[in-house]
Amino acid sequence: MTAQLAAAYSTSTGEAVQFWILGTVAVIGALCTILMKRAVHSALCLAGTMIILAVFYLANGAYFLGVVQIVVYTGAIMMLFLFVVMLVGVTAADSLKETIKGQRWLALLCGLGFGVLLIGGIGNASLTDFNGIGQANAGGNVEGLAALIFTKYVFAFEITGALLITAAVGAMVLTHRERTERAKTQRELAEQRVREGRYLPPLPAPGVYARHNAVDIAGLLPDGTPSDLTVSKTLRERGQIRDVSHEALNDLKALEQRSEERLERRAVGPAKFQRSEEASK
């Protein structure tokens, strides 16, 4: 029994190397999360820390938690936070403006209180014996985790769900913009285009008369020249527009040449017939 406990409490060299390397990176990522000036950089650092936590879960046999950590937290929730930050447009200048008076001191007090509770909980914790991964996953890792979530920790699970819903609602409130003026009707928009002298009819689709329907190919006018109105301004500024006008112009010239030859043949045919009739008379 003593040998089994010693083997259970001992740590292999690979596990120790993995823990010290990834643990150091995780701590650095956590510190960068709160020390970075830009909110986007902080979110990326937090995503890296979450990925390292997933690796720890997988290394300890908690395969379900590791996959959930990557798919749900890192892949879904963290990316949602990142997209919301990019959509709202939070910059370093915005973080210097304190919209709610005293919020920084309140956040500092909450952080200190959480730290005291965390240190107190860890200090009072005692571990004399443990079941081990084999016994914990005896009925299956997913089944054992589900039993804990929906029985012993169901209240904490529901609180976490409520916090996530609150975050989603807050993101929608932050991105919502109230309309300050009346929306223009179709007739008013058409009159505005006429006054400004802009392109009045609907824009042609990409690739018109070009034998292509790709968005990066400019449509051709009936004379074979490309139309800049058929492609996106973003692609035009990036220089990602494929030019097929030369091929189309060559085809158009060949078609015109064939048409002229056919017209000449038709014109020559009746003339010959007329001369033959005159000769017979």
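## A chat about the helices and their contacts

Visitor: What does the protein average in pLDDT?

Guide: Keep in mind that this is a predicted model. Of the residues, 73% score at least 70. Over the protein, the average pLDDT is 75.

Visitor: Which helix has the lowest mean pLDDT among the elements of the protein?

Guide: At the top end sits helix α2 (residues 13-35), whose mean of 87 is the highest among the elements.

Visitor: Okay, on to the inside. Which element gives the most to the largest nonpolar core?

Guide: That core has five residues in all: Ala 43, Ala 47, Met 50, Met 78 and Leu 82. Two elements give two or more residues to this core, α3 (39-59) and α4 (63-88). With three residues, the top contributor is α3.

Visitor: Which residues does Ala 47 touch, not counting those up to four places away in sequence?

Guide: Ala 47 is itself one of the core residues, and so is Met 78. Leaving out residues up to four places away in sequence, Ala 47 touches Met 78, Met 79 and Thr 74.

Visitor: Is Ile 70 buried, partly exposed or exposed?

Guide: Ile 70 is found in helix α4. Its relative accessible area is 38%. Buried would need under 20% and exposed over 50%, so Ile 70 counts as partly exposed.

Visitor: Now the charges. Which residues are linked in a network of salt bridges?

Guide: The structure holds three salt bridges. Glu 191 pairs with Arg 187 at 3.3 Å, N to O, and with Arg 195 at 3.6 Å between the closest N and O atoms. In helix α10, Glu 191 is four residues from Arg 187 and four from Arg 195, which means about one helical turn in each case. The network links Arg 187, Glu 191 and Arg 195.

Visitor: How far apart are the closest N and O atoms of Arg 182 and Glu 188?

Guide: Arg 182 is exposed at 58% relative accessibility, whereas Glu 188 is partly exposed at 28%. The two form a salt bridge, with their closest N and O atoms separated by 3.0 Å.

Definitions and conventions. Residues numbered from 1 in each chain as written. Predicted model: local features only at pLDDT ≥ 70, side-chain atom pairs only at ≥ 80, totals over all residues. Heavy atoms only, no water. Core = buried A, V, L, I, M, F, W, Y, C linked by side-chain atoms within 4.5 Å. Buried < 20%, exposed > 50% of the residue type's maximum accessible area, 1.4 Å probe, protein only. Contact = heavy atoms within 4.5 Å. pLDDT = per-residue confidence, 0-100. Salt bridge = Lys/Arg side-chain N within 4 Å of Asp/Glu carboxyl O.
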